[in-house]
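Please keep the structure in view while reading.

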Amino acid sequence: MEKIMEVNNLKKYFTLKGSLFSRKRILKAVDDVSFELYKGETLGLVGESGSGKSTTGRTILRLLEPTYGQILYRGKDISKINGEELRSIRKNMQMIFQDPYASLNPRMTIGESIIEPMLSHNLLGKKDAEERAFELLELVGLDSDYYYRYPHQFSGGQRQRIGIARALAMNPEIIVADEPVSALDVSVQAQIINLFKDLQEKFGFTYVFIAHDLSVVKYLSNRIAVMYLGEIVEFSTKEVLFNEPLHPYTIALMSAIPVPDPRAKDKRIVLDGDIPSPVNPPQGCRFSNRCFRKMDICDEVHPELVEINGHKVRCHLYSA
Amino acid sequence: MAKYITKRILKGIVTFLITITLTFFIVRLMPADPATLLMDPRMSEAHRQQLLKDFGLDKPLIVQYFSFLRNLLKGDLGISFMQKRPVMDIIMEKLPWTLLLMTITQFITMAVGIPLGIYSGHKRGSLFDQIVNAVAIFGISIFVPWLGFTLLYIFGYNLAILPIGGAHTPGIDGGLEYFLDVGKHLILPVITLMSIYLANYVLYTRGSVIDVLSEDYIRTARSKGMKEMRVLWKHASKNAMIPTVTTAGLMIGRMVGGAVLTETVFAYPGVGRMIYQAVSQQDFPILQGAFIILALSVIIMNIITDILCAYLDPRIKLE
């Protein structure tokens, strides 16, 4: 398969301004994340709130400045480009946001929002751009008349369809979808997820699909990276990950997926406590304070990501 | 849209009725008796009664109220105690000067303040932003008469390049000379007023731009690969204008009230100075007239502002 993106040792640190009584602190939102992206695949990024999955998604699209690391798009490092060069690469990579309402300009009609990038990147003339906007609206299952309406006149599911149409406008190669369905009703979620799938089959888009809902990710992804406190803790193909999860965190997450069978035995593993602060992560393994299989070494030594038959895991249980 | 405007105008009329009613009764609550103020103390009690009767002040309050309304409808605001002339005439003499002064001030302040606020908000925390903020806060905190007198002292007295008061030089009328003369008289009052109004525009616009720039749709615009200047002027500024428009509407509405302190310092023959004089002379009809005109103007500007906001923000329901 063709590799279109390679992310190497990506770090994104935020500096929290010190107040009168505290020093400046560093929040390590993404800490040393590496992965590759192949054409036409869907890479799932899963994790709790605060695991750095959204930050990873935004940083690889350069909506955030990476602190360290390489982002190779078709062999070219885009982690440091700026200005015109960055703008021109943006049309190849689009993002679909979690809140479809807030991410649409309330003063622009749907059509204006969709054609704006086509005009500004000089891809099409006004007439052709409009024509394409009508097609896009129909493609995502909306009426082309919606072109003239404003975002507030739509329901959540419709807005997300608009968000998708907007992202497709420039025919991007990579689409990063940042929790695109978590704000929607479950019935609407299914429709939108199917839309994602159909569009990929039709146009061969490459998705980075960010979600905290494992069942959604399972349905769409080819490969899944599980993130915890800014790190990838497990990374494998969907089948392998769901059949034999290795990391205790992944095992706990899997056990939390609701099973649509009322008689199924509840074997849920409940993790104690919350995800620790990324300002002050635990010394050794970052998951150690909540792990149900914790060993002595976990407090001391930070585990490396090791590979076992193509299945990557960051846990001392497997490092020997 | 038409329905929204009609509804808004009807609301405005109700507000106006309430305002003039309040104005009427507040003025009547004042401790001074108009007849005593109006007449010479050497006049007899019979004269006093006659005067009260002439002005209709012997009738019950409610009757007076309705005749007040009737006169108001005819554009009659009563007669000034001191000048013994119709209040309407006096106000109409002063209003053009005040409107001239205030329109120019507002126009310059908006033209300077809004772009300054937008850019400042965009460059939040930069040296430029800090300087703009400091100047704006300084301007709004300064004591107006002090600034006025200082400017007068420097430009009117020391350098003697600008007139020290009034709105025009008597004797010059007509032609370019008159135009320039009026302009010269405006410079110092406009500068003084700008120091107060500029901060309003700069700070409101700046704050609102900062808010808007953190909105998701700004991130979307950036992700679409829009140029930063387009993000700022097309996506952010237009959305950020709503608080600024509201503020501008309020300030423009109050414009006809003039600027009491500034007009007084510069002996500018506007509504503000008229109010100042009416207060010191207890000339109630003038005050009452000024309040009513002011209320009317504020109400009309509010209606215009609301309609403008509905246009600016399609989310405001036009019902």
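A residue is called buried if 20 or more other C-beta atoms lie within 10 Å of its own, exposed if 12 or fewer do, and partly exposed in between, with C-beta atoms placed from the backbone. By this count, 32% of the 319 residues of chain B are buried. The model is predicted, so local features need pLDDT of at least 70 and side-chain atom pairs count only at pLDDT 80 or more, while totals for chains, interfaces and linings use all residues. Residues are numbered from 1 along each chain as its sequence is written, and chains are lettered from A and ligands numbered from 1 in the order in which they are written.

Chain B has 13 helices and zero strands; here helices (H or I, at least four residues) and strands (E, at least two) are DSSP runs, numbered from the N terminus. Its C-alpha atoms fill a box of roughly 85 × 60 × 40 Å along the principal axes. Two residues are in contact if their C-beta atoms, placed from the backbone, lie within 7 Å. Among the contacts in chain B with a separation of 6 or more, 71% join residues 24 or more positions apart.

Chain B is divided into domain 1 (2–73) and domain 2 (87–312), with bounds that come from an automatic or database domain assignment. Taken over C-alpha atoms, the centres of these two domains of chain B are separated by 32 Å. Where they touch, 15 residues of domain 1 of chain B are in contact with 12 residues of domain 2 of chain B. On the domain 1 side, helix H1 (2–29) and helix H2 (34–38) of chain B are the elements that give two or more residues. H1(B) gives the most, with 11 residues. That side divides into 10 nonpolar, four polar and one charged; Ala, Val, Leu, Ile, Met, Phe, Trp, Tyr, Cys and Pro count as nonpolar, Asp, Glu, Lys and Arg as charged, and the others, Gly among them, as polar.

Further along chain B, helix H7 (residues 144–158) and helix H8 (residues 175–213) pack at an angle of about 145 degrees, with their axes 10 Å apart. Axes are lines fitted to C-alpha atoms, for helices over the stretch in contact, and angles run from 0 to 180 degrees between N-to-C directions. The residues of H7(B) that meet H8(B) include Leu147(B), Leu151(B) and Phe155(B), and those on the H8(B) side include Leu188(B), Ile191(B) and Ser195(B). This contact of H7(B) with H8(B) has eight nonpolar, three polar and no charged residues.

Ile142(B) lies in the loop between helix H6 (127–141) and H7 of chain B. Ile142(B) counts as partly exposed because it has 16 C-beta neighbours inside 10 Å. Leaving aside neighbours within four places in sequence, Ile142(B) is in contact with Leu147(B) and Ser195(B). Ile142(B) and Ser195(B) are 53 residues apart in sequence and 7.9 Å apart in space, C-alpha to C-alpha.

Between the chains, 21 residues of chain A are in contact with 18 residues of chain B. Helix H2 (83–90), strand E6 (93–96) and helix H3 (110–120) of chain A each give two or more residues to the chain A side. The largest share of that side, three residues, comes from H3(A).
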